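Thanks for coming, everyone. Please bring up the model on your screens, and we will walk through it together.

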Amino acid sequence: MEREKKEEKNRGRNSIIIAIPNYWLRLPVFDLLQAQKLEYLCVESLPELYTLSADSLEAIVAVDAFAYEEEPQVILGRLQELGSVRSILLLLPKEASHYAPQWGKKVFSVVCEKMLEDFVPVLKQALLHQEQLPTLVKKEVNSVKDEEGMIFERKFGRRSFLKGSAAAAAVAGVAVAGPGNTIAKALAAGEKAAATADRDQIFYGTCRSNCFSGCRLKIHVRNQKVTMISMGELPDSRYNKICAKGFSHVQRIYDPKRVKYPLKRVGERGSNQWEQITWDEAIEIIGNKWEGYQKEFGKESIAYYCNSGNFGQVGWRTPARLFNLMGSCSIAPNIDEAYVKSSINALGYGQMMNSNEYTDRLNSKTIIIWGANPTEAQPQNWHFMAEARKDNGTTIIVIDPNYTASAAKADIHVPIRPGTDAALALGMMNYIIQQGWTDKGFLQKSSVAPLLVKDDGKYLRQSDVTGKPPADPKVDPFIVWDSQANTHGLVTEVLDPAISGIYTIADIKVTTAYTLLLNRVAEYPPEKAAEICDVPVETIREIARIYATNTPSSIYQQYGVDHYVNAHYGIFSIFGLGMITGNIGKEGACCGITGGASNYLNTGALLNPPGAVPGPVLAHAQIPNIMKEKQYAGKSLTIKSLYVYNANPIGVFAERKSILEAINKIDFLVVADLFMSETAMYADILLPAAHWFETDDMAISTNTGYLMLQEKAIEPLYGSKPDYQIAALLAKRMGYGDYFNYEPKDYMLMALDSDAARELSITCESLLEKKVVRGLPAKTWIHGENGVFPTPTGRVQFYIENPKPTFDYGQKFDVAKERLPYLFEPPNEAWHENPLFEKYPLVCYQEKVKWRVHTQWTHTPWLRELDPEPIVKLNSIDAEARGVKDGDVVRVFNDRGYVIIKAVINNGLRPGMVNIPHGWQKDQYIEGHYQDLTSNVVNPLYVNNAYFDTLVQIEKA
């Protein structure tokens, strides 16, 4: 009995009890307590708080009393009545801090905005009558978890993040507390505040930038302020993820550097000198300019540019609707074009672009990660591969010049020489064919292997044999060779077509497409590939064996291979591995890119209303020439005005100086943006765009296959407006107002008015009701599962009958060479045999990181504490040769430009390569700009920014 009394007496003695429901406000408190080597208890509900406080002796309670539905004075009164509560630390917003004294001697106040400075001193005040801070007992009341596990068990190695969290939580604390008259009335008069004013409202939305995004989010709102972002649930819980960028939207919404009101340039372009004007003034200035340009130079004198800053369907499409009505030019970004066009040519474009759903990676026995670093660039999808390896024994192979975080998790890392992906894939294909590991059945039924190619490069069709045009011009069946009957027949009728051989049919000499492929691949035995790629021949044979025999196998790709002038050869060759082994169109077997296709949306209704006659689509890479020569594709063209939204071309395009020079030749630049981006800095009129959460919209989740509703959580701040409203104002001024008398719901109705959407049971009503609907017909989407692919032949295509450039502006290319694009060509610049290599011996590439998406999130405080400044990473061998030490400020340069930044030694980089992580903006560099290093040279067939095809030198600054 005595022992029980003693335990009862000591139970919970001197406990610090934390009652702070706001996650972001709670984190810095935990950190401050741990820094003082204090232990604590954490509760989330008021009943738990009262029970634990009553059971503890001399408890000290830190409570955010304004965060609960129960009145603050009621909570404090109940705690003060408990004899076991020694002191109360009350967290207050700044606006309510003057009410603290009325609570009595037991209550000590801490203003949220001064949490870092005041919390520990105030805590010591509460313990003043003791000689030292007590040693306290740690107890889990509610499980408080984060990505790393139990909060109580983790070791905080990220103090800078928590300091940032505290700063942001101060802002959140003001909102959570319910500032202004509501608090004043509740505290002064003791009246019960309206529950709706103090309770969090939850709105649903999605991240929709270009990180292959689509994570569902919960937007917490109190008193018309967004207080925090948390993970939103999806019907398939495997997609329930959120990253640091998603959490930090609060800081983007309330960033003091947001563009708040329409601005008119008053100084030199780029000087950041502005005059605030009204929306009416801005619209009138723009309208007058555009009308004058149209009258003098024609409709096409006005151009617009949109990229991937916002994939909300309403905000993305409605400005283009206006410009299509106006007959304006559109400028295509030419980013990742090599991969996109190559993948469509080879595999078609289906429900999830041209690969299997991400969840299907769990069914793969082998996964090759090629030209991607998902642990950094796509953390929301990496876990599928990690789980496949852990739970199913999946073999993971990473092909990357550098030892990335993904490579560190792999079974095999292949440090390939940059730009030699085609040679490696061809060497693997050669070895697979030698060993007989090909899938003949797949080649016969689902590839172009048996199709017969004439000397003119075209496929043999029925009309070629009969000499008569087909009855239906759209249907002219292919002819194949029947192996059993030893004669020709229609591809739709022959059961066992030959996939190799040369034949003569109706006096026409033909060769199977597969024979042409075999001949090309024969030029690249593993030994030759090893020499080109600087990879041991044994490694090439081993990864080829694993991929071809430990099946089903998937190739996980992003755009790393894409960023060279020779990119499409590597991309096609990688697809060839899947085609010859049959590792396409099956569970656990795919290549290509998984993306959120929008083919069930009626985007035409949004983009091209009746009467719209869109102007020409211009290749971005040709804009410098267009501005200089005033012509495009042999036709006269004078661009006088450019409208930019959802984009920052000056900050992200290759060879920045040429883009800047071209834009400076444009008379009138209008930019709509949330922030003062590099492009916005050069605007003549700058319009404040609303944040994603300040407007209703819908977005296709690129990585999950769901269509998600974006609910407007708060009204647009300051003088900002959603893109659809900006478009409507401009349309009214230009005489097209009748086409814009719609709200977001009306645009959603237009877009979902399609047979394809109805087949999937997707309607605007169902989306508004459920807020998230599945955009795929199958439980797990498999691209080409039935053996039929959305290509002109209905098959996967390693032979392209009619190669066409992505943009035809009169350039020349070798048609015969591009029909079978399986060969290796060195990078245009980044190659050790290039004479320029003697002067600039380092290959420079741009890593995609988890802290930014292109130039979005570049100035977000939380993320800058984790990733504070631009750096260049280089191997210690290259650093030592240049006398560079870790932390030195260096100059990275070539003939095109330079950038001055801090050096970081990283031996994960392949010697001879340097890495400047992608996405920083000019004001963040010490001097210069990393995109001044890159080149605007493009491939004539696939016009594409070749960011990695760059040679540089480094010296100490």
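Strand E28, residues 641-645, pairs with strand E29, residues 668-673, in the parallel sense over 5 bridges. Two strands count as paired if DSSP finds at least two bridges between them. Find Tyr645: its bridge partner in E29 is Ala672. Helix H28, residues 723-734, packs on the sheet and touches E28, E29 and strand E30, residues 685-688. The direction of H28 makes about 155° with that of E28. For such angles, axes are lines fitted to C-alpha atoms, for helices over the stretch in contact, and the angle runs from 0 to 180 degrees between N-to-C directions. Touching, or contact, means heavy atoms within 4.5 Å.

A word on the source. This is a predicted model, where local features need pLDDT of at least 70 and side-chain atom pairs count only at pLDDT 80 or more, while totals for chains, interfaces and linings use all residues. Residues are numbered from 1 along each chain as its sequence is written, and side-chain values use heavy atoms, with hydrogens and water left out.

Now the whole sheet. What is the order of its 8 strands? The order is E13-E12-E30-E29-E28-E14-E15-E25, in an open sheet with mixed pairing. Strand E13, 274-276, and strand E25, 617-619, stand at the edges. Each has a single partner strand, so one side of each has no neighbour in the sheet. From one strand to the next, the twist averages 25°.

There is also an open sheet of 3 strands, in the order E31-E32-E33, with antiparallel pairing. Its edges are strand E31, 697-700, and strand E33, 772-774, each with a single partner strand, so one side of each is left without a neighbour. Neighbouring strands of this sheet are turned by 20° against each other on average, direction ignored. E31 pairs with strand E32, residues 706-710, over 4 bridges. Ala699 stands opposite Met708 in E32.

Let's move to strand E16, residues 366-370. Are its residues buried or exposed? 5 of its 5 residues are buried. Buried means under 20% relative accessible area, exposed means over 50%, and partly exposed lies in between, with a 1.4 Å probe and protein chains only. In a regular strand the side chains alternate between the two faces of the sheet. In E16, Thr366, Ile368 and Trp370 lie on one side, with Ile367 and Ile369 on the other. E16 pairs in the parallel sense with strand E17, residues 395-399, over 5 bridges. There, Ile369 stands opposite Val398. E16 also runs parallel to strand E24, residues 553-557, with 5 bridges joining them. Trp370 stands opposite Gln557 in E24.

Keep Trp370 in view. Which residues touch the most other members of the largest nonpolar core? They are Trp370, Leu424 and Phe798, in a core of 96 residues. A nonpolar core is a set of buried Ala, Val, Leu, Ile, Met, Phe, Trp, Tyr and Cys residues joined through side-chain atoms within 4.5 Å. Not counting residues up to four places away in sequence, the contacts of Leu424 include Trp370, Ile399, Cys533, Ile540 and Ile543. A second, separate core has 51 residues, among them Trp290, Val670, Tyr736 and Ile762.

Next, helix H22, residues 537-549. Among its buried residues are Ile540 and Ile543. H22 has 13 residues and reaches 18 Å from its first C-alpha to its last. That is close to the 18 Å expected at 1.5 Å a residue; the expected span is 1.5 Å times one less than the number of residues.

Leu823 is in the loop between helix H32, 815-819, and strand E34, 842-845. Leu823 counts as buried because its relative accessibility is 11%. Leu823 and Tyr524 are 299 residues apart in sequence, with 8.5 Å between their C-alpha atoms.

Finally, the whole chain. The protein chain comes to 34 helices and 40 strands. Of its 957 residues, 63% are buried. Among contacts between residues at least 6 apart in sequence, 74% join residues at least 24 apart.

Technical notes
Helix = DSSP H or I, 4+ residues; strand = E, 2+ residues; numbered from the N terminus.
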